[in-house]
Amino acid sequence: MNILSIKDLHATVDGKEILKGINLEMGAGEVHAIMGPNGSGKSTLSYVLSGRDGYEVSKGEVLYKGENLMEMLPEERAQAGVFLAFQYPVEIPGVPTVTFLKQAMNSVRKARGEKELDAFEFKKIMDARLKELSIVNDMVRRALNTGFSGGEKKRMEVLQMAMLEPSLAILDETDSGLDIDALKTVADGVNALRAEDRSMLVITHYQRLLDYIVPDHVHVLSAGRIILSGDKSLALELEEKGYADIVAAAA
Amino acid sequence: MAAVLETIETVGEATDKYKHGFVTEIEMDRAPKGLSEDTVRFISAKKNEPEWLLEWRLEAYRHWLTMTEPMWARVGYPPIDYQDSYYYAAPKSDADRPKSLDEVDPALLDTYAKLGIPLKEQEVLAGVRNVAIDAVFDSVSVATTFKDRLEKDGIIFCAISEAIQDHPELVRKYMGSVVPTSDNFYAALNSAVFTDGSFCYIPKGVRCPMELSTYFRINAAETGQFERTLIVADEGSYVSYLEGCTAPQRDENQLHAAVVELIAMDDAEIKYSTVQNWYPGDEDGKGGIYNFVTKRGLCEKRAKISWTQVETGSAITWKYPSCILKGDDSVGEFYSVAITNNRQQADTGTKMLHIGKNTRSRIIAKGISAGKSQSTYRGQVRMNAMAHGAKNYTQCDSLLIGDECGAHTVPYIESKNRSARVEHEATTSKVSDDQLFYCRQRGIPEEEALTLIVNGFCREVLQELPMEFAVEAQKLVGISLEGSVG
Amino acid sequence: MNAMTDAGLLRDYETHAATLPGAGSGWLDGLRKGGAHRFEGLGLPTRRVEEWKYTDLRTLASDPFGHAHEPDADVSVPDMDLGAEPYRAVFVNGHFHAGLSDLTGLPDGLVALPLAQAMQNSKAFLESYLGRVATLGRRHFVALNTAWLADGFALYVPDGMTIERPIELVFIGATGDTRAAWHPRNLFVLHPGAQATIVERHIGQTGTYLSNTVAEIVLATGARLNHFKLQDEAADAFHIATTQIHASADAVYENFSLMTGSSVARNQIAIELQAPGSSCMLNGAYLGRGKQQLDTTTLIDHAAPDCKSSEVYKGALDERSKGVFQGRIVVRKDAQRTNGHQSNKALLLSDKAEIDAKPELEIYADDVVCSHGATVGELDEHALFYLRARGIPLEEARGLLIDAFVDGAIDEISNAAIREAFRSHAKAWQGGNS
């Protein structure tokens, strides 16, 4: 059974249809890249999958591990292992990152029937992950994402992914706003989290991220539909020819 | 770090309803219903008070008769019949007041245990931090812990009725010196009929070695609670004082009109923290405490008074802890979180009166309204003509949860001094959908996510509380907001 | 007691009312009588009335006022460059002065004439609007104005019409030794899509007089009114102005008020944003010296969703003057997605000057972004020192900094020529010339 199975997915935002029939199958451990120009529906797809208010599914279905994902609350999806790395991580003033992480982690553990972690168990796990990702302790003591640089915010997303151990990670334009050094650091973090039981859906506008996070499959999204699929070489081709040519050729 | 983690855990547990809503069955000794000179005389006699105090009370009572209830606050309630309340209710055992905790009525101790007051857990507490407690039950002080330890430093911490007997010179000198009997309607009423409260004196140069704490609880039906607190910090001394309040669930409204006076002499510092969790009434606004409180502190030279309050309870809150910054270089602070839900109404804030040179004040007020409640920040900052170089900074933020509540900000800024500087900022907004979604995407259920975000919003204030209170306050945030989402 | 005397402001009312223009017409008599009755009940407000907490009217109430007459001496209107040549209506001691006015060249189809004339020519128009926006409520001075309703300016702009040139309304006070009061009433009605620019100038030459103006403004869907006001009354005058606006969907109201004159002045503006998409910008500056009391009181009522409001006020107070700013923003229950921002900054330039500010937010809808900020202080010492270190003498340095401060508000004026005219008036205030 596939991790994610999207069939003829249509979705609207403010009454306007953005996704117009998406079909996508993802197997366990696979990394799929979704590429597309601005306005093609990339971010809408990530919000539909994660259950954000205002993104209405008008047709089609999404099965996650065989279950209807669309019927679940946002937190239930997260608890079931769907993780969204936000394009623009949200600042929450006054909430210490460590407080947030522990509450998230225990919410997920509780939902999965695992024992909630006490302060010391939690700290042990967090410290280990921080070390693996070379993140300084100072960052988790600050208020969540508040005043973080673009690079820090994206690394915080990776840290959360490492701690919540999702089965499906959706990376929404993780490369946006990062310089090349920050991009490498974040990509290294993501690569370290690649695993046989973890699939990744990497959404990006530019090919350069895929130099560092190498996908198994590449799909081109245009005007709410996947118009072309291929292996990693498709990304290079896109980079060379540009979206306009590819879209025109596929049409 | 560990402390922060502890806090998270307790926030997570915050799920039960108003958990202090139980009634303790204890035999009561009451004054007849209603208010008259006889009631005042009865209370004074019951307390075996000196003549001067009886006169002081009667003068307050006579003045009260000439006053009218203030109507300017943004709170609405049916007229209060002041003749339909009991003004004195003491546990019967007051006659032979307990000498130690061991002698305290076990039912009372039980009550406090339910309240989470660690009266019997001194050893445990001592390991973390010493807290001396005076517990006031329906206006009568029942137990003061750690008295001996405090006496070693010359600190007096006892029921005010006891102080009237044992330290009349101090009480007579300071009581009414900051809040005169004629100050306002409720203060006059309190002066006439107060039955007990706490008294505290810190001698010159002494740093009080532990938190001093009073827990107030209204238990008896149809009883008003009128406690009076007086804290005198002599030159160069320091004290941190905590006040907690609870009341049982009852259908009828109960009146609470307290007066708190603080005197900080030269170079002294008083930190006064309150977690107010009186019964707020039910979802439909039935029952709940009417909380009309006058709190004011006087700062002499270089003295500092810091008020921190977390107001989650009461049906009506009318409360403006204030600082008179009389001495040059004195400092006043006000940190406030006010949460209203269901049909609660709160009109609260502060007054900072800058009289001396280079006086400074800081106001951080966070208001959260949910349900059908109304919450108002009302504050006054006044720079008098001689307040050269004085400074004030005020930040008021309001958060609205749901579209049936209201949040209001009413500051009064008055300056008569060119070199004084006042900065005031206020914002009102709702909890951000982005923030809620982000938390939920990490697996945190909606109501918990809301509590988390609101606690973040209040953090600047909550971190001013002593640790034990900060934990309790964070829990209360969660409890108070129950049922406000979804 | 919440009311003082009425300072003879209704003396011999019955007799005088019978001589007012349009007297004998049922609805007008009724309107006036309602105002008189209300003022009789209210009297002049004391500081115990919350809305009048900070402005003391005792000097106004001290002696009775008589009725205004035509001035004996000649009056003239000082020039003010408003860019385009304005249409001008001049009122002297409350009465229209045809000789100083020039309303020629107005487009066809609109009503633009003195109120007393409109009472003859445009009765239906007045009857539909007058007294509908400026309701009496607890408004002491609106009641008084209504009692004496006689002259002022009536403007009606039909659908889609834009009046390109500004309309200049000049109110001149010149009473010599008489203590007199008048009560101009302005009515501006803009139909859908109409646009106009109005410049009000209240200038005084001599005398202790009370000018109690009321403006009623109705903006229909998509209409826009740019309303600029200069208040430079005589030094002993009392200036009380009430401007009330109803704004429909997508209507825009811009107001700038510059106050430098009179002994006691209160400029009160109340706008109701009644339908989605309407917006207002209320801005102004108050510059006081001597024993002046300058009061700005605004109320923005967000009664519908998706409306916007912004306010920027600045005050500079010298000598023994006193500034008052009361700014209230109300967001009603269903007024979701409201955006409301307000800022009031005041400079105290002397040891005896005083400022009282009461910015207020009253919010009953949750999806809002509202804020207010208020600061009070003196000139920045560091900036002052910096300028002096560059060789600029103290007084000039102070002048530069005060100008820069006041400019922060004046810059909000959308019309470039009027902006510069107001700027130079504010600059002249510094030299003591205004």
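Modeller: In chain C, strand S10 (residues 238-247) is joined to strand S12 by 10 bridges, and the two run parallel. Strands (E, at least two residues) and helices (H or I, at least four) are DSSP runs, numbered from the N terminus, and two strands pair if DSSP finds at least two bridges between them. This is a predicted model, in which local features need pLDDT of at least 70 and side-chain atom pairs count only at pLDDT 80 or more, while totals for chains, interfaces and linings use all residues. Residues are numbered from 1 along each chain as its sequence is written, with chains lettered from A and ligands numbered from 1 in the order in which they are written.

Elsewhere in chain C, two helices cross. The axes of helix H2 (residues 26-42) and helix H6 (residues 140-147) come within 7 Å and cross at roughly 140 degrees; axes here are lines fitted to C-alpha atoms over the stretch in contact, with angles from 0 to 180 degrees between N-to-C directions. H2(C) and H6(C) are therefore oblique to each other (under 35 degrees is roughly parallel, over 145 roughly antiparallel, 65 to 115 roughly perpendicular, and the rest oblique). Among the residues of H2(C) that meet H6(C) are Leu31(C), Phe39(C) and Leu42(C), and those of H6(C) include His140(C) and Leu144(C). By class, the residues of this contact comprise seven nonpolar, five polar and two charged (Ala, Val, Leu, Ile, Met, Phe, Trp, Tyr, Cys and Pro count as nonpolar, Asp, Glu, Lys and Arg as charged, and the others, Gly among them, as polar).

Chain C and chain A do not touch, their nearest C-alpha atoms being 15 Å apart; residues are in contact if their C-beta atoms, placed from the backbone, lie within 7 Å. Of the two pairs of chains in contact, chains A and B share the most contacts. Their contact draws 30 residues from chain A and 26 residues from chain B. On the side of chain A that touches chain B, H3(A) gives the largest share, nine residues. That side of chain A has 18 nonpolar, seven polar and five charged residues.

Chain A also contains helix H1 (residues 42-50), where nine of nine residues are buried. Just after H1(A), Gly51(A) adopts a positive phi of about 90 degrees. Leu9(A), in strand S1 (residues 4-13) of chain A, is buried, with 24 other C-beta atoms within 10 Å. Beyond its neighbours within four places in sequence, Leu9(A) is in contact with residues including Leu19(A), Ile22(A) and Val62(A).

Conventions: A residue is buried if 20 or more other C-beta atoms lie within 10 Å of its own, exposed if 12 or fewer, and partly exposed in between; C-beta atoms are placed from the backbone.
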